[in-house]
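Welcome! Take a moment to look over the sequence and the 3D view, and then we will walk through the fold together.

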Amino acid sequence: HVAKRSNNSGWINVLTPGGTFIAKYRTVVKPTAIGIDVEGYTLVCDAETKSVHVYDVTGQECGMAVENVGNPKGIVLDNGAVYIVCTLNQLHQRHTTGYLQKYSLHHSSTSMMIT
């Protein structure tokens with residue numbers, strides 16, 4: 001999965017490990033990082049809205065997982081936890097170094113939530 005921005009639109013391109021194009025879907029305006037969980041949900045950090053959006057395996061948006069994240073620049077999913085790398089704190093003061101915010105993943109039969 002590769003996040004890109006083109007003409008004020010964000011896109012996720014899905015490729016095979018060998019680089020063959022499989023699919024493309026429209027996403028947030030300024031995608032800065034993506035993560036994929038064990039059930040196939042794609043989490044996309046958006047610098048425009050300072051949030052993390054969730055997409056299902058077909059590329060349909062399921063909603064916003066986290067809002068008011070200080071300029072998200074990276075995301076890591078690990079054993080039920082989500083770590084988001086930010087460069088602004090909640091008061092939107094810029095940091096010269098990043099910091100991590102930790103959240104928990106919760107799956108139901110039809111959706112995923114971050115708390």
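Which residue in β5 is the bridge partner of isoleucine 34? The partner is valine 44. Keep in mind as you read that this is a predicted model.

Strands β4 and β5 run antiparallel and are joined by five bridges. They are part of an open sheet of four strands, with the order β4-β5-β6-β7 and antiparallel pairing. Strand β4 (31-36) and strand β7 are the edges: each has a single partner strand, so one side of each has no neighbour in the sheet. From one strand to the next, the twist averages 25 degrees.

Strands of a sheet pair through backbone hydrogen bonds, and the pairing can be parallel or antiparallel.

In soluble globular proteins, nonpolar side chains tend to be buried together. Here, the largest nonpolar core has 14 residues, and the members that touch the most others are Val52, Val66, Ile75 and Ile84. At least two residues of this core come from each of β5 (42-46), β6, β7 (61-66) and β9 (81-88). Strand β9 gives the largest share, three residues.

Another core lies apart from this one; it has six residues, among them Ile12, Val14, Tyr25 and Val28.

## Rings and a charge

Now look for the rings. The structure holds one aromatic pair. Its partners are tyrosine 25 and tyrosine 55, with 5.7 Å between their centres and 45 degrees between their planes, which makes the pair tilted. Tyrosine 25 sits in strand β3 (residues 21-27) and tyrosine 55 in strand β6 (residues 51-55), so the pair ties together parts that are 30 residues apart in sequence. Tyrosine 25 is buried, at 11% relative accessible area, and tyrosine 55 is buried too, at 2%.

The charged end of lysine 24 sits over the ring of tryptophan 11, 4.5 Å from the ring's centre.

## The cysteines

How many disulfides are there? The count is zero. To count as a disulfide, two cysteine sulfur atoms must lie within 2.5 Å of each other. For cysteine 45, the closest cysteine sulfur is in cysteine 86, 7.6 Å away, so the two are too far apart for a bond.

Is cysteine 45 buried or exposed? Cysteine 45 is buried, with a relative accessible area of 0%. Cysteine 62, in contrast, is partly exposed, at 44% relative accessibility.

Note on methods:
Residues are numbered from 1 along each chain as its sequence is written. This is a predicted model: local features need pLDDT of at least 70, side-chain atom pairs count only at pLDDT 80 or more; totals for chains, interfaces and linings use all residues. Side-chain values use heavy atoms; hydrogens and water are left out. Buried means under 20% relative accessible area, exposed over 50%, partly exposed in between (1.4 Å probe, protein chains only). Rings of Phe, Tyr and Trp (its six-membered ring) pair if their centres lie within 6.5 Å; planes under 30 degrees apart count as stacked, over 60 as edge-to-face and the rest as tilted. A charge sits over a ring if NZ of Lys or CZ of Arg is within 6 Å of the ring centre and within 35 degrees of the ring normal. A nonpolar core is a set of buried Ala, Val, Leu, Ile, Met, Phe, Trp, Tyr and Cys residues joined through side-chain atoms within 4.5 Å. Two strands pair if DSSP finds at least two bridges between them. Axes are lines fitted to C-alpha atoms, for helices over the stretch in contact, and angles run from 0 to 180 degrees between N-to-C directions.
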